[in-house]
Amino acid sequence: EETALVCRLITAGARVAFVHGVRVGHPVVPTRGTPPAKLRSYARGYTATALRAACRARSAAPLAHLGLTAAAAVAGVLRAPHAATLRRAYAARLAGIADALLGPRLGRTP
């Protein structure tokens, strides 16, 4: 996971600079056309990574991004009342975030 790599570098004291021409990562998984189970799985992994990164780096930045991701999914569910497929996709993303946040407390593994 490229997010975990960047967070480990920051935690280790490395300097990380934005360079416009260098890309770390992969394209964002599109909401349209991606099966809900895959969206849920990606959201679960992303949430777990964001939580680890926030703890290790002692920074709220990963949590802020996670909050924006969750808010965008809520907005997507609310914005698509007549588009059942799209609404299910956004709901799956929210479910993945909830899995990772609530899983350990409920005895499930994220």
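Visitor: What pattern does the protein follow, read along the sequence?

Guide: The pattern is α-α-α-α. This is a predicted model. The protein has 4 helices and 0 strands.

Visitor: Where does Thr47 lie?

Guide: Thr47 lies in helix H2. That helix covers residues 36–57.

Visitor: Why is Thr47 called buried?

Guide: Set the value against the cut-off. Buried means under 20% relative accessible area. Thr47 has 0%. Therefore Thr47 counts as buried.

Visitor: Which residues is Thr47 in contact with, leaving aside its neighbours within four places in sequence?

Guide: They are Leu66, Ile97, Ala100 and Leu101. What makes each a contact is heavy atoms within 4.5 Å.

Visitor: How much of the protein is made up of buried residues?

Guide: Buried residues make up 27% of the 110 residues. Thr47 is one of the buried residues.

Visitor: Why is Val16 called partly exposed?

Guide: Its relative accessible area is 47%. Buried is under 20%, exposed is over 50%, and partly exposed is in between. The value of 47% falls in between, so Val16 is partly exposed.

Visitor: Where is the place of Val16?

Guide: Val16 is in the loop between helix H1 (2–11) and helix H2 (36–57).

Visitor: Which residues form a nonpolar patch on the surface with Val16?

Guide: Leu5, Leu9 and Ile10 form the patch with Val16. Together the four residues have about 320 Å² of accessible area.

Visitor: How many cavities of 30 Å³ or more does the structure hold?

Guide: The structure holds 1. The largest cavity has a volume of about 50 Å³.

Visitor: What makes this space a cavity?

Guide: A 1.4 Å probe fits there but cannot get out, which means the space is called a cavity.

Visitor: Which residues line the largest cavity?

Guide: The lining is Ala4, Cys7, Arg8, Thr49, Arg52, Ala53 and Arg56. H1 and H2 are the elements that give two or more residues to this lining. H2 has the largest share, with 4 residues.

Visitor: What share of the contacts with a separation of 6 or more joins residues 24 or more positions apart?

Guide: The share is 49%.

Definitions and conventions: Residues are numbered from 1 along each chain as its sequence is written. This is a predicted model: local features need pLDDT of at least 70, side-chain atom pairs count only at pLDDT 80 or more; totals for chains, interfaces and linings use all residues. Side-chain values use heavy atoms; hydrogens and water are left out. Patches are made of residues with over 30% relative accessible area and no salt bridge: like charges are joined within 9 Å, nonpolar side chains (Val, Leu, Ile, Met, Phe, Trp, Tyr) within 5 Å. Accessible areas come from the Shrake-Rupley method with a 1.4 Å probe; for residues, only the protein chains shown count as cover. A salt bridge is a side-chain nitrogen of Lys or Arg within 4 Å of a carboxyl oxygen of Asp or Glu. Buried means under 20% relative accessible area, exposed over 50%, partly exposed in between (1.4 Å probe, protein chains only). On a 1 Å grid over the protein atoms alone, a cavity is a set of points where a 1.4 Å probe fits but cannot get out, and a pocket is an open set with protein on both sides within 12 Å along at least five of seven lines; lining residues have an atom within 4 Å of a point. Grid points are joined across faces, edges and corners, and a volume is the space filled by probe spheres set on the points.
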